[in-house]
Every structure is written in structure tokens, then in C-alpha cells.
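Here is a friendly walk through one structure, from a single residue out to the whole chain. Please keep the viewer open as you read.

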Amino acid sequence: MADDAIDEGILITGQSGFLTGTQVVSNLGWRSVEALSIGDKVLTFDHAMQQIKDIKRETLFMQDMNVPKSHRPVLVPEGALFNRRELWLMPDQGMLVECEAALDALGDPFAVIPARLLEGVRGIEAGIPGQRVGVTTLTFEQDEAIYVEGGMLAHCPLPQPLLFEEGALSPTLYDVLDGDAARMLVEHLRDENDIRALASHPDELPSLKVKPVHPDRGLRI
């Protein structure tokens with residue numbers, strides 16, 4: 001079933017995933033995450049349309065404003081990042097950033113940072129979307145970044161084993177930052193106020209039918 005959890009022994013950590021109503025680009029056009037099923041195809045940044053391998057759905061309860069700020073979803077106001085309506089992101093949902101600061105630090109202009117650290121960028125702020133929220137986590141054959149709500153790119157990591165031997169972890173496609181490195185990158189985004197570091201204009205999204213592999217990135221198998 002589409003709402004089955006990931007295979008036994010595999011763990012998705014952190015407060016990530018997509019809140020109910022979040023739109024993604026699929027082979028059927030823009031679709032809400034709750035309407036997706038295993039086997040549907042979603043447009044990825046690097047590897048064209050990719051099939052969903054597994055889906056995990058859960059309900060989170062936020063009873064009151066006593067939820068710590070670091071655990072609250074963040075609100076992207078309408079139009080802040082080319083999104084045509086307001087968008088809520090889970091605090092640890094990774095978002096793909098492209099900027100010179102990442103290139104200088106990592107040797108790659110692309111990096112993933114948790115959404116909670118984007119507070120203060122273009123009006124993004126932490127909040128409570130409701131007392132009860134549905135969250136959907138999508139998994140593919142490997143790490144992917146998928147288009148959500150306009151032109152933002154959200155990281156869908158490949159879950160890693162709970163128990164593993166040294167060297168047994170699957171390779172990751174993206175540099176995932178947190179702590180001081182991520183905060184420095186966000187400070188740069190605030191200073192530059194560059195919307196295109198966090199999102200592409202919807203009119204510039206690749207065709208739903210044809211998407212070449214992004215330069216310098218290959219399909220990992």
C-alpha cells in the first residue's frame with residue numbers, strides 16, 4: 001500500500017517530509033503529495049522523471065504554541081520563492097540551494113540546508129500550521145531533489161540502514177549542511193536576497209516529458 005512505511009530496518013530521521021497539500025511536479029502535472037502512489041513518477045533535478053519507490057504517511061499533532069521553535073514548521077509566504085500560494089515546510093526538510101557561497105565552501109554550487117534555518121529569508125518564519133497536520137515522505141532509488149510549489153527543490157534522501165558496517169552506507173548525491181556551515185550560507189542568502197538561489201521561475205521548469213541529466217551529475221546505480 002502507498003502509506004506503508006519504509007522496509008524494516010530502514011530509518012528516515014528528522015522532522016522532514018511534505019505537509020498535506022504540497023504540490024510536486026509529476027508525470028500527471030502538478031499533484032498534491034497525498035494524491036501520489038508508489039510507482040508514480042516525479043520530476044527530479046538531476047535524473048528526469050523517477051518512480052517513487054516508497055511512501056510514508058503520518059499525522060503529527062501540535063497541541064499548542066509550546067512546541068519549541070526549532071521543531072515548528074516554517075511558512076514560506078505567497079510569492080516569496082515563486083510559490084503562488086503560501087507553503088509550509090517541515091523544519092528538517094532539506095532544500096537545495098545554488099549559490100557562489102556554497103561553491104566557495106564546498107567546490108560545488110549546490111548544497112542542501114534544513115528549512116528551519118531559512119527563517120528570515122524573504123519573510124520565511126516558523127509557525128504552527130494547525131493542531132493536526134499530515135506529512136508525506138517520498139523515497140526514490142537514490143537521493144533526489146524534486147520540484148515543489150513553483151520552482152523550489154526539496155531533498156528526498158535515500159533512507160540509510162539502522163545498523164550498518166563501515167563503508168556500507170549508500171553514497172549521497174548532495175552535500176547536506178547543518179550547524180555553522182549552513183548558518184553562514186543562510187546569512188549569505190539573506191544579504192544577497194537572491195530568490196534564484198532557492199527557486200527557479202515556474203516558467204523555466206524543464207518539460208514534463210523530457211529532462212536531460214544535469215551537467216556533471218550522473219545517475220548513480
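## Starting at G94

Setting aside neighbours within four places in sequence, G94 is in contact (heavy atoms within 4.5 Å) with V112, I113, P114, L153, A154 and H155. This glycine sits in strand β10; helices (H or I, at least four residues) and strands (E, at least two) are DSSP runs, numbered from the N terminus. G94 counts as buried because its relative accessibility is 9%, where buried means under 20% relative accessible area, exposed over 50% and partly exposed in between, using a 1.4 Å probe and protein chains only. The C-alpha atoms of G94 and S16 lie 7.4 Å apart in space, although the two residues are 78 apart in sequence.

## What kind of model this is

This is a predicted model, in which local features need pLDDT of at least 70 and side-chain atom pairs count only at pLDDT 80 or more, while totals for chains, interfaces and linings use all residues. Residues are numbered from 1 along each chain as its sequence is written, and side-chain values use heavy atoms, with hydrogens and water left out.

The mean pLDDT (the predictor's confidence in each residue, from 0 to 100) of the protein chain is 80, and 78% of the residues score at least 70. Residues 1-13 have pLDDT below 50, and this stretch makes 30 contacts in the model beyond near neighbours in sequence. For residues 208-221 the pLDDT is also below 50, with 29 contacts beyond near neighbours in sequence. Where pLDDT is low, the predicted coordinates should not be read in detail.

## The chain as a whole

The protein chain holds two helices and 16 strands. Of its 221 residues, 47% are buried. Among contacts between residues at least 6 apart in sequence, 68% join residues at least 24 apart. The accessible surface comes to about 11300 Å², and carbon and sulfur atoms account for 49% of that; the areas come from the Shrake-Rupley method with a 1.4 Å probe, and for residues only the protein chains shown count as cover.

What about the cysteines? C99 is buried at 9% relative accessibility, and C156 is buried with a relative accessible area of 2%. Taking a disulfide as a pair of cysteine sulfur atoms within 2.5 Å, the count is zero.

## Two nonpolar cores

A nonpolar core here is a set of buried Ala, Val, Leu, Ile, Met, Phe, Trp, Tyr and Cys residues joined through side-chain atoms within 4.5 Å. The largest one has 41 residues, and L81, I113, L138 and I146 touch the most other members. Two or more residues each come from β8 (74-76), β9 (87-89), β10 (94-98), β11 (110-114), β14 (144-148), β15 (152-156) and α2 (179-192). The top contributor to this core is α2, with four residues. In soluble globular proteins, nonpolar side chains tend to be buried together.

Another core, of 13 residues, lies apart from the largest one and includes F110, A145, L153 and L205.

How many residues of β14 are buried? Five of its five are, so that the strand is mostly covered. E144, I146 and V148 point one way from β14, whereas A145 and Y147 point the other way, and all are buried. In a regular strand the side chains alternate between the two faces of the sheet.

β14 pairs with β15 in the antiparallel sense over five bridges, two strands being paired if DSSP finds at least two bridges between them.

L198 is found in the segment after α2 and is buried, with a relative accessible area of 6%. Not counting residues up to four places away in sequence, L198 touches L81, L96, V97, L118, V121, G151, M152, L153 and L189. L198 and C99 are 99 residues apart in sequence, yet 8.7 Å apart from C-alpha to C-alpha.

N193 also lies in the segment after α2. This residue is partly exposed, at 45% relative accessible area, and has a positive phi of about 50° although it is not a glycine. F82, in the loop between β8 and β9, is a residue other than glycine with a positive phi near 65°.
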